[in-house]
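Hi there,

Here is the structure I promised to pass on. Please have a look, and my notes on what turned up follow below.

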Amino acid sequence: MQDPSEPNKIFDPQRQRQNRQRRMTMLQRQADSDFLGDLMADDIIARLDVVTRSFSKALIIGNCSDTLLDWLKERSIETAIIDMVPAPAHRPNMPPHLICKEWDKIPDLPFRPDLIIMIGVLDAANDVPGLLVQLRRTLRPDGLLLAEFFGVGSLPLLKRAMLVADGDMPRPHIHPQIDVRSGGDLLSRAGFAMPVADIDMLSVRYRSVRQLLRDIRSFGGGYALTNKIVRYSKGQWALLNDYIASQVDSDERATESFALVSLSGWAPSPDQPKPAKRGSATMSLASQLGKKPD
């Protein structure tokens with residue numbers, strides 16, 4: 001019986017591990033197959049390039065590209081990776097690979113990081129607020145958290161196609177998604193300083209639903225809810241494919257959308273800038289708004 005003090009489990013960790021293992025297998029067959037994860041890693045690098053402070057120890061949770069590892073290595077940043085499955089065999093020179101049983105619980109670390117990068121898995125935790133609190137406590141003071149995942153607004157084409165295939169008995173196929181406003185609120189509730197949340201829409205054109213599902217699986221996605229899995233019949237797959245085919249453009253491609261949500265926050269530190277206290281202003285806003293321009 002589940003502990004009543006624990007949140008209800010949305011995700012099945014065993015299914016999540018199976019999805020992660022399938023991702024590793026796909027990476028072994030084709031090293032650059034994680035197109036979506038690599039895109040997130042590139043965005044993380046772009047954000048780090050504008051941060052003026054330096055870092056010494058980094059923790060990566062979830063997907064990790066060679067480009068991101070090279071960026072950290074070039075700056076002599078000691079790095080460790082957390083995943084549900086071991087490192088892929090074709091990448092023997094990867095940093096230490098720590099195994100977690102579920103995304104909600106961080107295993108013992110070899111160091112205390114001042115940078116945590118989380119790619120593609122924050123929204124796959126059963127207790128997102130609790131995990132963010134863990135991450136904030138794990139960081140050194142004035143340490144930075146950068147997290148990216150696909151949020152509300154992602155996969156509208158696939159969702160519509162699945163509704164058509166389900167007919168009169170719609171079922172959950174895609175897990176609940178976090179919107180950008182909720183992401184910023186979650187950071188604040190977890191105690192992060194200077195929280196920032198933003199969103200970018202990504203459009204990708206596919207020739208078939210098979211290609212779309214391949215990208216999702218290479219990313220580590222797939223059905224991982226605790227609900228019983230209901231397999232599609234051949235007839236339902238035909239309905240799904242027919243709907244996708246009805247949405248193609250003149251180049252015989254259908255467009256799918258991904259909402260890339262990015263979160264950043266700092267572990268509190270006495271050295272960080274703080275907002276002025278309420279009532280400390282020496283000038284009236286009303287008087288300034290009432291001034292006429294010269």
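How many helices and strands are there in the chain? The chain has 9 helices and 7 strands. Please keep in mind that this is a predicted model.

**Confidence**

The mean pLDDT of the chain is 89, with 89% of its residues reaching 70 or more. Where pLDDT is low, the predicted coordinates should not be read in detail.

**Overall packing**

Of the 294 residues in the chain, 45% are buried. Looking at contacts with a separation of 6 or more, 76% are between residues 24 or more positions apart.

The largest nonpolar core has 46 residues, and the members that touch the most others are Leu 48, Leu 68 and Phe 258. Helix H2 (residues 35-48) gives this core its largest share, 6 residues. Another core, of 32 residues, lies apart from the largest one, and its members include Leu 59, Phe 111, Met 118 and Leu 186.

The largest pocket holds about 1,200 Å³ of space. It is lined by 43 residues, of which His 173, Gly 221, Gly 222, Tyr 223 and Ala 224 are the closest to its centre. The elements that give two or more residues to this lining are helix H1 (13-29), strand E5 (144-150), helix H5 (156-166) and helix H7 (209-218). H1 supplies the largest share, 6 residues. By residue type, the lining of the largest pocket divides into 23 nonpolar, 12 polar and 8 charged.

The second largest pocket has a volume of about 260 Å³. Its lining consists of Asp 66, Leu 69, Asp 70, Leu 72, Lys 73, Ile 77, Thr 79, Arg 91, Asn 93, Met 94 and Pro 95. Here the largest share, 5 residues, comes from helix H3 (residues 66-74). The lining of this second pocket divides into 5 nonpolar, 2 polar and 4 charged residues.

**Helix H7 and what follows**

Which residues of H7 are buried? They are Val 209, Leu 212, Leu 213, Asp 215, Ile 216 and Ser 218. An α-helix has 3.6 residues a turn, so residues three or four places apart point the same way. The cover over the buried residues of H7 includes H1, H2, H5, E6, H8 and E7.

Ser 218, which lies in H7, counts as buried because its relative accessibility is 1%, under the 20% cut-off. Leaving aside neighbours within four places in sequence, Ser 218 is in contact with Arg 23, Met 26, Ser 33 and Asp 34. After H7 comes Gly 220, with a positive phi near 105°.

**A buried loop residue**

Is Ala 190 buried or exposed? Ala 190 is buried, because its relative accessible area of 3% is under 20%. Its place is in the loop between helix H6 (180-189) and strand E6 (193-206). Not counting residues up to four places away in sequence, Ala 190 touches Leu 132, Val 133 and Arg 136. The C-alpha atoms of Ala 190 and Pro 129 are separated by 6.4 Å, although these residues are 61 apart along the chain.

**Backbone angles to look at**

Asp 142 has a phi of about 65° and is not a glycine. Asp 142 sits in the loop between helix H4 (128-138) and E5. With a relative accessibility of 24%, Asp 142 counts as partly exposed, because that value falls between the 20% and 50% cut-offs. Glu 252 also has a positive phi, near 65°, and is found in the loop between helix H8 (234-246) and strand E7 (254-266).

That is the tour for now. Do write back with any questions.

Best wishes

Notes: Residues numbered from 1 in each chain as written. Predicted model: local features only at pLDDT ≥ 70, side-chain atom pairs only at ≥ 80, totals over all residues. Heavy atoms only, no water. Core = buried A, V, L, I, M, F, W, Y, C linked by side-chain atoms within 4.5 Å. Buried < 20%, exposed > 50% of the residue type's maximum accessible area, 1.4 Å probe, protein only. Helix = DSSP H or I, 4+ residues; strand = E, 2+ residues; numbered from the N terminus. 1 Å grid on protein atoms, 1.4 Å probe; cavity = no way out; pocket = protein on both sides within 12 Å on 5 of 7 lines; lining within 4 Å. Points joined across faces, edges and corners; volume = space filled by probe spheres on them. Nonpolar A, V, L, I, M, F, W, Y, C, P; charged D, E, K, R; others polar. Contact = heavy atoms within 4.5 Å. pLDDT = per-residue confidence, 0-100.
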